[in-house]
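Dear colleague,

Here is the structure I said I would hand over. My notes follow below it.

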Amino acid sequence: MKVTNVYGLPDPIVSAVSRGIRQPKPGRYSVTELIDPPLIRALKIQHWDALTEDASERLWALLGSAVHAVLERADTDHLLVEEELLGTVNGVDILGHPDIHDGKNKLTDYKVTSVYSFLLGEKPSWEHQLNIYAWMYRQHGFATDILEIAGILRDWNRHRALQDRDYPPVPFVLVNVPVRTDSAVRTYLEERVVLHQLAEQGLAVTPCSPEERWHRPDVWAVKKIGAKRAVPRGLHSSLVAAGEFVALHKDKDKLEFEFRRGADVRCDDYCPVRTVCP
């Protein structure tokens with residue numbers, strides 16, 4: 001994969017983001033690769049030398065790496081930080097790098113992400129990731145029955161926080177993640193390994209699901225006349241639902257409707273193999 005620099009970013013930034021790009025190795029998986037769509041990994045392996053990605057598309061990943069680097073330098077002598085763990089399922093090696101384990105029973109993973117990611121509620125990929133890490137730690141003798149996501153919100157807005165009670169009050173969110181049994185995690189891993197193996201060999205490639213495509217459905221937005229943002233709780237799946245919402249709103253004479261077409265956000269803007277995806 002070639003890293004381009006269309007927008008003329010400084011050389012140190014281009015060099016830093018390029019270091020984080022690694023070619024997948026058939027038959028060996030990281031946890032993040034395993035929970036990702038098999039189609040993406042298979043296409044990376046197949047088309048690696050023909051793929052390009054602009055350095056500008058890696059800036060958020062660079063910010064996340066910077067946060068992890070700072071955490072590693074923090075006073076964490078009593079914690080297990082960025083440990084390299086290896087798990088094996090049906091003879092296949094799975095490599096993981098959990099963020100922080102307290103040495104007792106709690107695992108914390110840091111995410112530098114958008115407010116929108118948390119307003120959507122539960123994110124299955126994060127739940128898969130943390131439960132696999134917890135399973136790995138338990139295989140090494142560490143009880144792990146508390147899982148949490150520590151989210152640093154890169155696009156948090158103070159003005160919005162003061163006006164919207166559903167908006168995070170500070171640019172940080174701590175979310176508990178449901179804990180699965182070892183047998184449930186192992187079953188999930190076995191299924192993922194098979195899907196990736198089949199995709200690698202070109203035998204059966206599963207199309208990405210709506211969730212994996214980061215699909216946003218069509219919505220009707222209720223907003224103040226002339227405004228861009230929807231009012232709080234103003235997004236609805238149908239015009240009928242939007243109309244019912246307006247009818248009960250205290251400012252109904254100041255509101256209007258706007259239809260917003262959905263999109264597969266990952267496919268359109270973020271997928272590294274979108275130029276070769278069938």
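**What was found**

Of the chain's 278 residues, 38% count as buried (under 20% relative accessible area, with exposed over 50% and partly exposed in between; 1.4 Å probe, protein chains only). This is a predicted model, in which local features need pLDDT of at least 70 and side-chain atom pairs count only at pLDDT 80 or more, while totals for chains, interfaces and linings use all residues. Residues are numbered from 1 along each chain as its sequence is written, and side-chain values use heavy atoms, leaving out hydrogens and water.

The chain has 10 helices and 15 strands, taken as DSSP runs numbered from the N terminus (helices: H or I, at least four residues; strands: E, at least two). Its C-alpha trace spans about 65 × 45 × 45 Å along the principal axes.

Strand S9 (residues 146-153) is largely enclosed by the rest of the structure, because 6 of its 8 residues are buried. S9 pairs with strand S8 (residues 106-113) in the parallel sense over 8 bridges; pairing requires at least two DSSP bridges between two strands. Lysine 106 has isoleucine 146 of S9 as its bridge partner. With strand S10 (residues 172-177), S9 pairs in the antiparallel sense over 6 bridges, and isoleucine 149 stands opposite valine 175 in S10.

An open sheet of 3 strands runs in the order S13-S12-S14, with antiparallel pairing. S13 (235-236) and S14 (255-260) are at the edges with a single partner strand each, so one side of each has no neighbour in the sheet. S12 (residues 219-224) pairs with S14 over 6 bridges, and valine 219 has arginine 260 in S14 as its bridge partner.

Regards
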